[in-house]
Amino acid sequence: MAVITEWLEEHVDMLTRWEVETRYNLDFCLELEKVKKSYEKIGEFLKQNGLDYSLREELQEGEVREKLIALLPKSKKNCDNFELNCFY
């Protein structure tokens, strides 16, 4: 189960608005400090939930990794460590 930080819960509306505005509004601007803070907090969330480029400890055992890969669609079987962590 993913652990979501309090900061992300409190700022989900802002992040969603940013995503929509940057997709459809070419003139949309953001404050650099807010972007830096958001990037930092999202990075913390990913790290806290084992979503980085270092393979999770649970997947370092060949058997667990192989079982996970066997469950993936054929198009996803050649994924990198980050993707495996996400699928897990």
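Student: At 37% relative accessibility, does glutamate 44 count as buried, partly exposed or exposed?
Tutor: Happy to start there, with a reminder that this is a predicted model, where local features need pLDDT of at least 70, side-chain atom pairs count only at pLDDT 80 or more, and totals for chains, interfaces and linings use all residues. Residues are numbered from 1 along each chain as its sequence is written, and side-chain values use heavy atoms, leaving out hydrogens and water. Buried means under 20% relative accessible area and exposed means over 50%, with partly exposed in between (1.4 Å probe, protein chains only). Glutamate 44 has 37% relative accessibility, so glutamate 44 counts as partly exposed.

Student: Which residue forms a salt bridge with glutamate 44?
Tutor: A salt bridge here needs a side-chain nitrogen of Lys or Arg within 4 Å of a carboxyl oxygen of Asp or Glu. With the closest N and O atoms 3.7 Å apart, the partner is lysine 41.

Student: How far apart are the closest N and O atoms in the salt bridge of glutamate 58 with arginine 56?
Tutor: A search of the whole structure gives 6 salt bridges. Among them, glutamate 31 and lysine 34 meet through their side chains at 3.8 Å, N to O, and lysine 34 is partly exposed at 41% relative accessibility. Glutamate 58 is also partly exposed, at 31%. For glutamate 58 and arginine 56, the closest N and O atoms are separated by 2.9 Å.

Student: At what angle do the axes of H1 and H2 cross?
Tutor: Two packed helices are described by the angle between their axes and the distance between the axes. Axes are lines fitted to C-alpha atoms, for helices over the stretch in contact, with angles from 0 to 180 degrees between N-to-C directions. The axes of H1 and H2 come within 12 Å, and their crossing angle is roughly 125°.

Student: Which word describes how H1 is set to H2?
Tutor: Angles under 35 degrees count as roughly parallel, over 145 as roughly antiparallel, 65 to 115 as roughly perpendicular, and the rest as oblique. The crossing at roughly 125° therefore makes H1, relative to H2, oblique.

Student: Where does leucine 30 lie?
Tutor: Leucine 30 counts as partly exposed, at 35% relative accessibility. With Leu32 and Val35, Leu30 makes a nonpolar surface patch of about 240 Å². Its place is the loop between helix H1 (6–24) and helix H2 (32–48).

Student: What separates the C-alpha atoms of phenylalanine 45 and tryptophan 7?
Tutor: Phenylalanine 45 sits in helix H2 and is buried, with a relative accessible area of 17%. Tryptophan 7 is 38 residues away along the chain, and the C-alpha separation is 9.4 Å.

Student: How far apart in space are leucine 68 and aspartate 27?
Tutor: Leucine 68 belongs to helix H3 and counts as buried at 12% relative accessibility. Aspartate 27 is 41 residues apart from leucine 68 in sequence, and from C-alpha to C-alpha they are apart by 43 Å.

Definitions and conventions:
Patch = residues over 30% accessible without salt bridge, like charges linked within 9 Å, V, L, I, M, F, W, Y side chains within 5 Å. Areas by Shrake-Rupley, 256 points an atom, 1.4 Å probe, with all protein chains shown as cover. Helix = DSSP H or I, 4+ residues; strand = E, 2+ residues; numbered from the N terminus.
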